Amino acid sequence: MDLFNSALGKNITFVRPAYFIVRGFIGIPNAEYYYIFLLFVYIVSVLGNTSVMALIYLDHNLRTAKYVAVFNLAFVDLLGSTVLVPKVIDIFLFNHYNVPYNECLTFLFFCFTCLSMQALNLVVLCYDRLVAIMFPLHYQVRVTPKIMLSIILSSWLFVIAAILTLAGLLTRLSFCKSVVIDSYFCDHGPIYKLACNDNSPSLIIGNLLIVIILWIPLVIIMSSYVCIGHALVKISTPQERVKAFKTCTAHLSLVGIYFIPILITFIKVINVHPNVRIINLSLTSVIPPVLNPIVYVLQTQEIKASFRKIVQSRITAPLRD
């Protein structure tokens, strides 16, 4: 990490603080109730995503390419919530506002890795729907579990490398003044803005990753649905169009749940207040993980059928005994 240190070899006093102070909300009374709300949402998220992962694991009929991506989405949601919420509860409900330097960068790495993987996973699921509707006869060849695993693994490797670079550039910054982070976790933007030396590399990589990990996936998804809409128009009967479109509703719901609040935070034309940033980022981090399982259970026939089958088998098993 010292390779990133711009002060090495120069007559510059480089200050690496022992800890950062995570401030949280500014001027909001009884803010602890909001963090209790996040804890409640986290518990529901753990139950929901664990259930979806268990359903996919237990039902051999769900071990298809599509549900490889759904399993990964549930895993990312579970991991991201587990990385974020317990630490936030520890900071604000148990008054551990001082987060050690290395622990803070590790916290940042895992939070942004999971947040980024959620976006890329939506692109992977979009690829599944695009091929299924536009090239139905080639679906079994173009979307196999092996291909899906390869795409997901590549996404993980890219995101890990990108966020490692993001965190690594922070180690070249000198913090000789304030160490107070105006956020509810070790947030990249509020951290690099505290630096006393040149923070332009962190600014550049931060903006670049917003484009690569947020805007480009959103453009790909929207472009894919334009193609899907064009393909649906060519379907002869309205009933078949509706049936084909229904297979996309779960994914479209997830796209809206994820992208709307996070884009409000990262659109540069808006001067976002720290409290608004906290609310948007925290809800983006915890609400999609709790809604994703609900959306897939309610809107996906295979998941509903699998759930009913497992429940019925559990009910009838004691009767057979």
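The structure holds four salt bridges, where a salt bridge is a side-chain nitrogen of Lys or Arg within 4 Å of a carboxyl oxygen of Asp or Glu. Before I go through some of them, please keep in mind that this is a predicted model, in which local features need pLDDT of at least 70 and side-chain atom pairs count only at pLDDT 80 or more, while totals for chains, interfaces and linings use all residues. Residues are numbered from 1 along each chain as its sequence is written, and side-chain values use heavy atoms, with hydrogens and water left out.

One of the salt bridges joins the side chains of Asp182 and Arg23, at 2.9 Å from N to O. Asp182 lies in the loop between strand 3 (180-181) and helix 6 (188-192), and Arg23 in the loop between strand 1 (19-22) and helix 1, so the pair ties together parts that are 159 residues apart in sequence. Helices (H or I, at least four residues) and strands (E, at least two) are DSSP runs, numbered from the N terminus. Asp182 is partly exposed, with a relative accessible area of 27%, and Arg23 also counts as partly exposed, at 39%; for these words, buried means under 20% relative accessible area, exposed means over 50%, and partly exposed is in between, with a 1.4 Å probe and protein chains only.

Let us turn to Lys87, which is buried, with a relative accessible area of 18%.

Next comes His251, which is placed in helix 8 (residues 238-266). Is His251 buried or exposed? His251 is buried, with a relative accessible area of 2%. A polar atom of the His251 side chain lies 2.7 Å from the backbone oxygen of Leu122. Leaving out residues up to four places away in sequence, His251 touches Leu122, Leu125, Cys126, Ile221 and Tyr225, where contact means heavy atoms within 4.5 Å.

Terms used. A polar contact is a pair of N or O atoms within 3.5 Å; within protein, one must be able to donate a hydrogen and the other to accept it, and residues adjacent in sequence count only if both atoms are side-chain atoms.
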